[in-house]
Amino acid sequence: MALDNQGILEALLYTAGDEGLEEKQLLEILDISLSELQTLINNYHSEGLVIQHFGQTYVLTTKKEAAEYIEALVEHKSNMKLSQAAMEALSIIAYNQPLSRSDIEMIRGINSDGAVKTLIARGLIEAKDEKDSRSQQLYTTELFLNVFGIEHLDDLPTTDEEDEEIEAFFSNLVNQKGENNE
């Protein structure tokens, strides 16, 4: 069974993730006019997802009504370990924020989309649209601070401290996340 343009649009935006797709890309890939694209977006219906428009970019996101359930998911997933790639991306973001996905890829030398999506899904980082930037900028969240038991980013270990201490700090993520550290 072939997908209609509605299904293709949803699949494209899902695959693009938080970066979304430019209007021009969608028009070319779907081979449709702007008015046809607008009709597809206006007629899009999903129980939990919505297509949002930021400038010339379209992004598939969750509906606001799902927020409490997504937070519950993040808490339930807290016992799962982060991959080495996710830990590297998290430390890069923590020490260099704000920065874009392409900045992370430049530093790591490898595609980091999966790691960034994992960190967003876990609530440790968030992507924000900035006026003067063409791409979303990544920031750590309050949950990140809570997980690591720090009040401010200034409390992160510095390069003046032992590398082992910095490594231990980030490896404690799974042990601290979601637990009451009293």
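Student: Which residue follows helix 2, and what is its phi like?
Tutor: In this predicted model, helix 2 is followed by D31, and the phi of D31 is positive, near 55 degrees.

Student: Where does D31 lie, and what kind of residue has that positive value here, glycine or other than glycine?
Tutor: D31 lies in the loop between helix 2 and helix 3, and its positive phi, near 55 degrees, occurs in a residue other than glycine. As background, most residues other than glycine have a negative phi.

Student: Is D31 buried or exposed?
Tutor: D31 is exposed, because its relative accessible area is 68% and the cut-off for exposed is over 50%.

Student: Going back to helix 2 itself, which of its residues are buried?
Tutor: Helix 2 covers residues 23-30, and its buried residues are E23, L26 and L30. Seen down the axis of helix 2, these buried residues fall within an arc of 65 degrees, so they line one face of the helix.

Student: What does the face turned away from that buried side carry?
Tutor: That face of helix 2 carries K24 and E28, which are exposed residues.

Student: And what do the buried residues of helix 2 pack against?
Tutor: They pack against helix 1 and helix 3, and also against strand 1 (21-22), strand 2 (49-54) and strand 3 (57-62).

Student: New topic: which residues does a cis peptide bond join?
Tutor: A cis peptide bond joins Q97 and P98, with omega at about -5 degrees, and P98 is found in the loop between helix 5 (84-96) and helix 6 (101-108). For comparison, most peptide bonds are trans.

Student: What is I107 in contact with, leaving aside its neighbours within four places in sequence?
Tutor: I107, which lies in helix 6, is then in contact with I92 and L99. I107 and I92 are 15 residues apart in sequence, while their C-alpha atoms are 8.1 Å apart in space.

Student: What about helix 7, which residues are buried there?
Tutor: Helix 7 runs over residues 113-121, and A115, V116 and L119 are its buried residues. Seen down the axis of helix 7, they fall within an arc of 95 degrees, so they line one face of the helix. These buried residues of helix 7 pack against helix 5, helix 6, strand 4 (125-128) and strand 5 (137-140).

Student: Which residue follows helix 7?
Tutor: Helix 7 is followed by G123, whose phi is positive, near 80 degrees.

Student: Last one, about the whole chain: how many helices and strands are there, and what share of the residues is buried?
Tutor: The chain has ten helices and five strands, and buried residues make up 36% of its 182 residues. The accessible surface of the chain comes to about 11,600 Å², and 49% of that surface belongs to carbon and sulfur atoms. Among contacts in the chain between residues at least 6 apart in sequence, 51% join residues at least 24 apart.

Conventions: Residues are numbered from 1 along each chain as its sequence is written. This is a predicted model: local features need pLDDT of at least 70, side-chain atom pairs count only at pLDDT 80 or more; totals for chains, interfaces and linings use all residues. Side-chain values use heavy atoms; hydrogens and water are left out. Helices (H or I, at least four residues) and strands (E, at least two) are DSSP runs, numbered from the N terminus. Buried means under 20% relative accessible area, exposed over 50%, partly exposed in between (1.4 Å probe, protein chains only). Contact means heavy atoms within 4.5 Å. Accessible areas come from the Shrake-Rupley method with a 1.4 Å probe; for residues, only the protein chains shown count as cover. The arc is that of the directions from the helix axis to the C-beta atoms.
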